[in-house]
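Hello,

Here is the structure we spoke about. My notes follow below it.

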Amino acid sequence: MKRNPPGVRGVPTISRDEVAHLARLARLAVTEQELDKFAGQLDIILQSVAQVTEVAAEDVPPTSHAVPLTNVFRDDVVRPGLTQQQALSGAPAAEDGRFRVPRILGEEQ
Amino acid sequence: MSELTRMTAAELAAKIQAKEVSAVEVTQAHLDRIADVDPAVHAFLHVSTDSALAQARAVDEDVAAGNQPASPLAGVPLALKDVVTMQGAPTTVGSRMLEGWEPPYDATITTRMLEAGIVILGKTNMDEFAMGSSTENSAYGPTHNPWDLDRIPGGSGGGSSAALASFEAALAIGTDTGGSIRQPGAVTGTVGVKPTYGGVSRYGLVAFSSSLDQAGPCARTVMDAALLHEVIGGHDPLDATSINEPVPPVVQAVREGAIGDLRGVKIGVVKEFSGEGYDPGVMVSFNEAVEQLRVLGAEIVEISCPHFKYALSAYYLIAPSECSSNLARFDAMRYGIRVGDNGERSAEEVMSLTREAGFGAEVKRRIMIGTYALSSGYYDAYYGSAQKVRTLIKRDFDAAYEKVDVLVSPTTPTTAFPIGERADNPMAMYLADLCTIPASMAGHPAMSVPSKLSGIDGLPVGLQIMAPALQETRMYRVAAAYEVARNESDGGPLISRVPELEVAR
């Protein structure tokens with residue numbers, strides 16, 4: 001589904017429900033008060049930045065990177081990495097030399 | 001205040017080599033200065049007293065042994081933005097998410113600076129994850145502008161700019177995604193340089209927007225910035241976007257520029273960066289700077305870049321899109337804080353609670369904007385269009401550089417605004433990056449040098465000089481020539497006018 005960004009000023013671009021959906025997608029457990037605040041702010045920002053569509057004609061190619069990039073390879077040789085201790089040094093929880101994480105599967109899985 | 005803290009980096013390094021002063025004395029003078037004024041300025045999040053003194057001692061031992069200096073900056077103290085990793089100190093990126101996190105490795109630029117004998121004093125405050133233009137978005141409280149403690153020092157690198165302007169460090173490192181080196185430089189009367197994208201390694205920098213992020217040198221003089229640029233620049237196999245070419249000879253360019261002859265140089269004034277929204281005090285300072293460049297012999301041409309006015313909008317789609325992807329790594333599993341892990345909740349619930357608690361409002365806003373712009377159905381209209389605008393901006397630059405050697409503009413439309421003024425108005429805050437974003441979008445080098453104080457509020461104004469990719473020498477030459485002329489006509493460097501700060505003890 002392709003949707004056009006709303007061009008009419010004053011018509012909300014994004015609803016409170018949509019912001020709640022985005023927060024879920026982004027794994028942000030936002031509060032009700034934050035939703036109220038963000039919905040208004042995100043709407044203003046999106047209405048403003050939507051002006052990019054004014055000049056983005058079909059025949060203009062996109063630029064994803066400032067400088068042209070090609071694949072960069074290195075020789076396939078072993079080089080030093082982090083030790084196990086170093087890798088775990090910043091972990092919020094570790095156990096038996098591994099990252100300890102909360103349960104992955106939900107009740108219904 | 002010790003005179004040592006007022007000197008340039010080049011002067012300090014020369015005195016250390018001449019044994020007129022030891023590197024330890026220089027470092028101690030700066031540590032004392034931090035103790036005196038940082039309670040009011042709050043430029044630093046962490047001061048590495050022991051390791052800094054140890055690094056200084058190593059330089060002194062080198063000097064005593066008669067060894068060649070490791071670099072022209074050996075023994076000079078530097079303030080490192082907290083987005084760059086350094087072992088033995090926390091890297092927080094101004095975020096609760098990484099509170100207390102000690103990286104297990106050094107960034108490439110950290111390694112290069114330490115090998116060059118530069119003394120790293122500590123880590124500087126910044127807008128959380130480098131998202132902001134005022135340093136108010138730091139989870140650890142705002143930094144204050146040494147010119148007026150009630151005003152912002154710019155952002156995201158406000159800690160680095162304030163450290164320089166309060167004489168807490170002779171050099172600093174910044175990172176610039178949309179202006180985070182240049183705008184803080186402008187509002188604190190210091191020099192900030194964003195090199196060509198890929199000119200300085202990003203290895204060991206906490207990523208915000210990978211196609212735009214670029215580390216660079218900050219200093220109080222153009223020469224000091226050039227000396228630091230040559231230390232940190234150059235190819236790094238650990239960064240796949242690093243340019244495999246020699247570092248442009250920027251120190252030589254500064255020497256040439258300082259002669260004060262710009263005959264044969266064509267300078268374009270960007271027509272679109274004036275008018276509504278620009279402080280009259282900024283425009284007077286800018287126009288005087290352009291006149292000074294003309295007196296130095298440069299040919300001044302007005303240049304129209306019609307798509308620059310879309311750059312801000314495109315940036316605030318591209319940068320949030322990349323940030324929403326980059327910041328997905330903060331999942332409460334491998335590093336950073338973890339919230340709500342009570343043995344009952346799932347990993348996903350813990351992740352959501354942690355990100356809610358660990359990220360501040362601006363980071364959340366940008367993650368959600370990015371998530372929206374990248375989502376199915378909106379991608380073409382938002383992210384796709386923004387990428388097309390990026391092409392149009394590059395074309396504007398290409399056309400401009402067929403006619404001129406460098407482009408100039410004010411660095412930012414206003415002087416330092418009061419702390420709190422734009423905190424609840426994201427769009428007003430974003431406007432601070434209006435003039436700096438186009439060069440970021442094109443990957444071009446650009447820098448800010450102090451012009452004259454605003455006649456209206458007496459605060460610093462920055463002159464932005466932009467150049468084509470890898471043509472840093474052009475902008476450094478122009479900057480150096482301008483700096484000499486400016487200082488002559490203004491009775492000395494702008495930074496000498498910064499008010500004396502009250503000392504804490």
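A94(A) is partly exposed, at a relative accessible area of 45% (buried is under 20%, exposed over 50%, partly exposed in between, with a 1.4 Å probe and protein chains only). The residue sits in strand β1 of chain A, residues 94-95 (helices, H or I of at least four residues, and strands, E of at least two, are DSSP runs numbered from the N terminus). Leaving aside residues up to four places away in sequence, A94(A) touches L88(A) and R100(A), contact being heavy atoms within 4.5 Å.

This is a predicted model: local features need pLDDT of at least 70, side-chain atom pairs pLDDT 80 or more, while totals for chains, interfaces and linings use all residues. Residues are numbered from 1 along each chain as written, chains are lettered from A and ligands numbered from 1 in written order, and side-chain values use heavy atoms without hydrogens or water.

The largest pocket holds about 800 Å³ of space. Its lining has 27 residues, with Y105(B), Y203(B), G204(B), L205(B) and R329(B) closest to the centre. Pockets are open sets of points on a 1 Å grid over the protein atoms alone, where a 1.4 Å probe fits, with protein on both sides within 12 Å along at least five of seven lines; lining residues have an atom within 4 Å of a point. Points are joined across faces, edges and corners, and the volume is the space filled by probe spheres set on them. Domain 1 (3-308 + 392-497) and domain 2 (310-389) of chain B both contribute to this lining, so the largest pocket lies between them; the bounds come from an automatic or database domain assignment.

The second largest pocket has about 490 Å³.

Regards
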